[in-house]
Amino acid sequence: MSWGIELWDQFDNLEKHTQWGIDILEKYIKFVKERTEIELSYAKQLRNLAKKYQPKKNSKEEEEYRYTACKAFLSTLNEMNDYAGQHEVISENMTSHITVELARYVQELKQERKSYFHDGRKAQQHIEICWKQLESSKRRFERDCKEADRAQQYFEKMDADINVTKADVEKARQQAQVRHQMAEDSRADYSSILQKFNHEQHEYYHTHIPNIFQKIQEMEERRILRIGESMKTYAEVDRQVIPIIGKCLDEIVKAAESIDQKNDSQLVIEAYKSGFEPPGDIEFEDYTQPMKRTVSDNSLSNSRGEGKPELKFGGKSKGKLWPFIKKNKGAAPEDFSNLPPEQRRKKLQQKVDELNKEIQKEMDQRDAITKMKDVYLKNPQMGDPASLDHKLTEVSQNIEKLRLEAQKFEAWLAEVEGRLPARGDQARRQSGMYEAQNPTTVNNCAQDRESPDGSYTEEQSQESEVKVLATDFDDEFDDEEPLPAIGTCKALYTFEGQNEGTISVLEGETLYVIEEDKGDGWTRIRRNEEEGYVPTSYVEVYLDKNAKGAKTYI
């Protein structure tokens, strides 16, 4: 099966067919290119979709992702990003392995095809020239033969005419001989050209054209094979990402299976539990009695009229009516006293943790500045140590402010957790006097002071202020008493306490810690009745988290 033999006379049709083959190849390239664009567009849309539903930072949505269902949804969004990445890989691989390669091959194919058909046209033109030469020699031979025949007839006519002179007869004879010789020459030339043409024609149809058409056939078969290989690559590119896409889908299924409805229900309790008990029964108020009516502690009139300042959890109080009272939309107080006990505790704990982190950050910055200052002291050429004093002072002031702030919130937290005693009788009496002097105001504002989520009353905020003042007042007298131990420490090295206020320790000795490092590098310890300071770096401290005054900086 050879085009050179079977299709020796189909030069034009082969030219059209090979051009059609190139068009098919270019059409396939265009198809793959559009597929890559679709994959990129799809991947972009998937990424935008995943980004659209990602929780916004520092927003309420971020808190919602504590629930296992939301976590599973977040995992799905993350897997969709990876899923989109695989479609980008498909696009990249198809572009590099198919589109680019085939585009380069098409250019080479066009050049090769052009070269083959150029050689074919050249051979065709050559045989046409030979044919024209043959036709020309043939016509010349025919003409010369006719001229020689006419010359011969004219000579015979002159020779037979008795009235013609001998000279004219001789002239006619010579003319006939010349024409006959010319015919013989034309005949020889025609024969030679005919032989040459037959040779060239044989070479054209049996050598040149078969060779050219055979190369064109091989070129076309390579094109067909190449497009088949590209189609295989097209499928392989898709198949290569199937395992990774499968893993993405497996992760989505795994995330879905990790959803725990019981855990989510518990989180709802932790998020919204107020700490109050449901309202008790309202006792019957007998208006038929002439005497002053007595109302139970948990009655609505009592909660509106008497305005008791304390909110007793687990007992009968006006706080039990919070589900039915309009929410106060005022600004939230600093101590979160507008929240129910459980929610207030969580908010205070969160605030304490945030302050401790800020304190640790400032302490790390102070340590870094201190180390830099030591480097400047040892190597003055690197910088002026005094230039860091202002920054060091500023950082120390920030630490002190943050510690005071943390102590304030820790006091509120301790109050909520019941770790501090309730307010004194004096504060209770002061609050009662305030309500006694302003009964109308208390009654009118009772509803405004409470919220559906169990907020505290304005009197309670005043109570908190009284408590803080009372606590600060008590702290002044605490210094006169021996400080309680807040932990223990083990001496890592021997320290000779020669300065006033210091205490000597031996390596390996265990002592009580009564005051931890306040940022100045010294820790206050006790041995029996003897107290003093030692360098913090000389001891390993073990604080008792439940001890009063013990703090943990995270």
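Because the model is predicted, local features need pLDDT of at least 70 and side-chain atom pairs count only at pLDDT 80 or more, while totals for chains, interfaces and linings use all residues. Residues are numbered from 1 along each chain as its sequence is written, and side-chain values use heavy atoms, with hydrogens and water left out.

Me: How many helices and strands are there in the protein?
Reply: Helices (H or I, at least four residues) and strands (E, at least two) are taken as DSSP runs, numbered from the N terminus. Counted in that way, the protein has 12 helices and 5 strands.

Me: What share of the residues of the protein count as buried?
Reply: A residue is buried under 20% relative accessible area, exposed over 50%, and partly exposed in between, using a 1.4 Å probe and protein chains only. Of the 554 residues of the protein, the share that counts as buried is 32%.

Me: How many disulfides does a search of the whole structure find?
Reply: A disulfide is a covalent bond between the sulfur atoms of two cysteines, and the search takes it as a pair of cysteine sulfur atoms within 2.5 Å. With that cut-off, the number of disulfides found in the whole structure is 0.

Me: Is Glu220 buried or exposed?
Reply: Glu220 lies in helix α5 (residues 166-257). Not counting residues up to four places away in sequence, Glu220 touches Trp3, His17, Thr18 and Gly21, where contact means heavy atoms within 4.5 Å. Because its relative accessible area is 3%, Glu220 counts as buried.

Me: How far apart in space are Ala84 and Ile245, C-alpha to C-alpha?
Reply: Ala84 has its place in helix α4, and it counts as buried because its relative accessibility is 0%. Leaving aside neighbours within four places in sequence, Ala84 is in contact with Ala43, Leu46 and Arg47. Ala84 and Ile245 are 161 residues apart in sequence, yet their C-alpha separation in space is 9.2 Å.

Me: What distance separates the C-alpha atoms of Arg366 and Leu392?
Reply: Arg366 lies in helix α8 (residues 341-378), and its relative accessible area of 10% is why it counts as buried. Apart from neighbours within four places in sequence, the residues in contact with Arg366 include Leu392, Val395, Ser396 and Ile399. Although Arg366 and Leu392 are 26 residues apart along the chain, their C-alpha atoms are separated by 6.3 Å.

Me: How far apart are the end C-alpha atoms of helix α9?
Reply: The expected span of a helix is 1.5 Å times one less than its number of residues. Helix α9 (residues 389-416) has 28 residues and should therefore span 40 Å. Among its buried residues are Leu392, Val395, Ile399, Phe409 and Trp412.

Me: In β5, which residue is the bridge partner of Thr488?
Reply: Strand β1 (residues 487-491) has a covered face, made of Gly487, Cys489 and Ala491, and an uncovered face, made of Thr488 and Lys490. Two strands pair if DSSP finds at least two bridges between them, and β1 pairs in the antiparallel sense with strand β2 (residues 510-515) over 4 bridges. With strand β5 (residues 539-543), β1 also pairs in the antiparallel sense, over 5 bridges. In β5, the bridge partner of Thr488 is Tyr542.

Me: What is the phi of Asn528 near?
Reply: Asn528 has its place in the loop between β3 (522-527) and β4 (530-535). Its relative accessible area is 66%, and therefore Asn528 counts as exposed. Its phi is positive in a residue other than glycine, with a value near 60°.
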